[in-house]
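Visitor: I am new to this structure. Please take me through one part of it closely, starting from what the database record marks.

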Amino acid sequence: MYGKIENTAESPFVEIDMDNQSAFQTESDLLNNPFEPITKEAQKSTSGKLASNESFGNFSGMVQGGGMVSDVNPSSDLLRKKERELAEMEMNLKAQARVLEEERLELQQESERLRQQANNVNLANPPAGFRPAKNFPPFYPMIYHNISAEIGVADQKAVLMLFKLWLGVSATLLFNVISCLLLMIISPKNFSPASDFIWSIIYVITIIPSSFFLWYRPVYNAYMKDSALLYFIFFVFNSFNVLYFFYMCVGFSGSGSAGLINLIISASNANVINIVFCSITTASLFAVLFFNIILLKKTHSHYKTRGHSFRDAKNQAYVGFASRAVASQN
C-alpha cells in the first residue's frame, strides 16, 4: 500500500509517493523522524484517533458499575446528606427530651412521696412542744383531726366508720328539727307539738358536740394511743348514745323527736307532708341506732383482741390521777 521512499543527500526531507491510496503516518513514523512533514491524510488520521480516544475516555468515565449514569450535581448530593443528618439529629433530640421529661416526672413523684413520708414521720413522732395546726371543725377549728396521719393503717377504716357514725348522728338530729318544725306548723288544733320543736333544737345544741367529745374523740385517741382507759370511756358514753337513739326512735309526743309515734299520729290525721318527713326521720333514727350497735360490738372485739381489760383501764386511770396530783403540787 505504501509507495517507495527515496532518500537524497541534497534534501533533508523525506518525500513519500503513494501508488494507489493515501498513506497514513503513524506515531512510530513521527517518532523515527520528527522533521518529516505530515500529510493532510496523516493529520486527519491522527486527529481522528485523538478524537476517538477522547470520546472513549468520556464514555468510560460515564460508565459506573456496568451501567450508564447521568450527570450528578455534587452540591445537591451534599445538601440531601446534610438534610438527612439534621433529621436524624432532630429525632435524637426529641427522644432525649422524652427521656428527660419521664425522668423529671419520676423525680417529682419521688420527691412528693418523700415529703409525705417525712410529714407522716413528724406527725407520728413530733418533737417536744410541737402541736399540729387546728383543722376541725372547718368553719371554726378547735382541734387537730387527721385520720390518715394519726391513726395506723390497719385501724383507719374502723375510725373512719366511727367518724361517719358521728356525722350520721349530726345529720339526723338536724333533719329532726325540720320535721318537728313542720309538726308544729301543720297540725290539728287539738295537737300542739311545740315542745317537740324546742327539744329538737336543744338536742342539736347539746348532743352533737357532746357526742363528739364524749365518745368519738376518746375512741379516736384510743385507736391512736392504744389506751384501755380511752376505750372504756368510749364504751360508757357510746352506750348512752345507743339508749338515747332508741328513745328517739320511739318518738313520744313532746319528746323532741319526729319518730315512730309522731309518724303514727301524722298518718292518722292524713297529713301527707308530716308523714313524709316523719318517715324519713324515723328511718334515719333506726339506721343510726343499728349502725351504732354494730360499731360498738366491733370496737369491743378490737379492744379484747388488743388484750385490754377493765383492770388495765383502772390502772391507767390511777396513774393519770397520780401524775396530775404530782404536777399540781409542783
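Guide: UniProt, in an unreviewed entry, places the feature "transmembrane region" at residues 165-185, 197-216, 228-253 and 273-296; such positions follow the numbering used here, feature names are shortened, and annotations may be inferred rather than shown by experiment. The model is predicted, so local features need pLDDT of at least 70 and side-chain atom pairs count only at pLDDT 80 or more, while totals for chains, interfaces and linings use all residues. Residues are numbered from 1 along each chain as its sequence is written, and side-chain values use heavy atoms, with hydrogens and water left out.

Residues 165-185 are 100% helix and 0% strand, with end C-alpha atoms 31 Å apart. Residues 273-296 are also 100% helix and 0% strand, and there the end C-alpha atoms lie 35 Å apart. Helices here are DSSP runs (H or I, at least four residues), strands likewise (E, at least two), numbered from the N terminus.

Now the cysteines. Cysteine 180 is buried, with a relative accessible area of 0%, and cysteine 249 is buried too, at 1%. Buried means under 20% relative accessible area, exposed over 50%, and partly exposed in between (1.4 Å probe, protein chains only). The structure holds zero disulfides, a disulfide being a pair of cysteine sulfur atoms within 2.5 Å. The closest cysteine sulfur to that of cysteine 180 belongs to cysteine 278, and at 7.5 Å it is too far for a bond.

Phenylalanine 232 lies in helix H7. Phenylalanine 232 counts as partly exposed because its relative accessibility is 31%.
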